[in-house]
Amino acid sequence: MTAVTKAAIKAIKFYKHVVQSVEKFIQKCRPEYKVPGLYVIDSIVRQSRHQFGADKDVFAPRFAKNVTLTFQHLFKCPPEDRARVVRVLNLWQKNHVFKVEVIQPLLDMADPERAKQMQPVCSTTLWVGHLDKKTTDVELRNIFEAIGPVQSIDLIPPRGCAYVCYETRLDAHNALNKLKNLRVGNRQQPVQMAWAPGKGVKGKEHKQYWDDHAGTTYLPWEKLEGKDLESLAEGGYIDNETLPPDQKKDVAPSESGSQESQE
């Protein structure tokens, strides 16, 4: 723990990469390593605040950007470890490491019933990178429609990338797996592919709820109030059965089976 903390502080110029690495570890590690990952965050933030002062600490604000998603993964720890997570949150609140409005929703997540009140918006959109700038919409459509019907392609030639939106989650999942070594045009380097948030949840207000590994945005139910659910589902889908009881009538049933929602 000490060595990791020292290395993080030493690499402060690259603090964004340090934070991302810790978040990725917590996201992908086995349940028994979730809490140790939290202790790494705590150690880095405490040392940074001690060494540079709370006002100049860059780690806590950066961890705060994705803190909701990070704690969604942390609460996948063994049930007996949940108390340790809550203990760290209480210490953070007591020492004003994060604002109350940041801490309280995380404490609420410790309640299993609260955790159920998260609405998954499952993406059917893929980001495709490392494309030749001369790549055309027709070329991409011919390739990706071999997997299944494509709803839209948003090609961005100056950046050498595109967003491919499938009609179903299953086809998007299959494309992600079957085309990962794809080469387009004259480029010898294969393209890069990853889940991308659908247009409906692409804004900054939803960024902290995005899980790039699952290809799903997990929105707290209260964030759905006053929202147009059909707009939120653009570029993805919302399973009617997972909605709050009073909103199930507001969105059409998904054509792609719910069993693909967590692929």
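How much area do domain 1 and domain 2 bury between them? The two bury about 710 Å², 44% of it on carbon and sulfur atoms. Buried area here is the accessible area (1.4 Å probe) that two parts lose on being put together, summed over both.

Some ground rules come before the tour. This is a predicted model, in which local features need pLDDT of at least 70, side-chain atom pairs count only at pLDDT 80 or more, and totals for chains, interfaces and linings use all residues. Residues are numbered from 1 along each chain as its sequence is written, and side-chain values use heavy atoms, with hydrogens and water left out.

Start with the two domains. Domain 1 spans 1–110 and domain 2 spans 116–243. These bounds come from an automatic or database domain assignment. The centres of the two domains, taken over C-alpha atoms, are 29 Å apart. Nine residues from domain 1 and nine residues from domain 2 take part in the contact. Contact means heavy atoms within 4.5 Å. Thr68, Leu69 and Gln72 supply 50% of the area that domain 1 buries against domain 2, more than any other three residues. The interface also holds one salt bridge. A salt bridge is a side-chain nitrogen of Lys or Arg within 4 Å of a carboxyl oxygen of Asp or Glu. Asp212 and Lys24 form a salt bridge, with their closest N and O atoms 2.6 Å apart.

Now look at helix α5, residues 67–74. Helices (H or I, at least four residues) and strands (E, at least two) are DSSP runs, numbered from the N terminus. How many of the eight residues of α5 are buried? Eight of its eight residues are buried. Buried means under 20% relative accessible area, exposed means over 50%, and partly exposed is in between (1.4 Å probe, protein chains only). Among the buried residues of α5 are Thr68, Leu69 and Gln72. Thr70 sits in this helix too. Its relative accessibility is 7%, so Thr70 counts as buried. Leaving aside neighbours within four places in sequence, Thr70 is in contact with Glu23, Ile26 and Ile41.

Compare helix α1, residues 2–10, which holds Val4. Val4 counts as partly exposed because its relative accessibility is 42%. Val4 and Asp57 are 53 residues apart along the chain, and their C-alpha atoms are separated by 17 Å.

Next comes the sheet. Which order do its four strands take? The open sheet runs β6-β7-β1-β8, with antiparallel pairing. β6 and β8 (236–237) stand at the edges with a single partner strand each, so one side of each has no neighbour in the sheet. Two strands pair if DSSP finds at least two bridges between them.

Strand β7 covers residues 216–220, and five of its five residues are buried. In a regular strand the side chains alternate between the two faces of the sheet. Both faces of β7 are covered. Thr216, Tyr218 and Pro220 lie on one side, with Thr217 and Leu219 on the other.

Follow β7 to its partners. Strand β1 (residues 118–123) pairs with β7 in the antiparallel sense over five bridges. Met118 stands opposite Pro220, and Val121 has Thr217 as its bridge partner. Strand β6 (residues 210–211) pairs with β7 over two bridges, again in the antiparallel sense. Here Asp211 stands opposite Thr216. β6 and β7 form a hairpin with four residues between them. Gly215 in the turn has a positive phi of about 65°.

Return to salt bridges, which number seven by this rule. Arg46 forms one with Asp42, the closest N and O atoms being 2.9 Å apart. Arg46 and Asp42 are four residues apart in helix α3 (residues 34–52), which means about one helical turn separates them. An α-helix has 3.6 residues a turn, so residues three or four places apart point the same way. Asp42 is buried, with a relative accessible area of 14%.

Helix α9 (residues 137–144) shows the four-residue spacing again, with Asp137 and Arg141 about one turn apart. Their side chains meet in a salt bridge (3.6 Å, N to O). Arg141 also meets Glu145 in a salt bridge (3.3 Å, N to O). Shared partners join Asp137, Arg141 and Glu145 into one network. Asp137 counts as partly exposed at 30% relative accessibility, and Arg141 does so at 25%.
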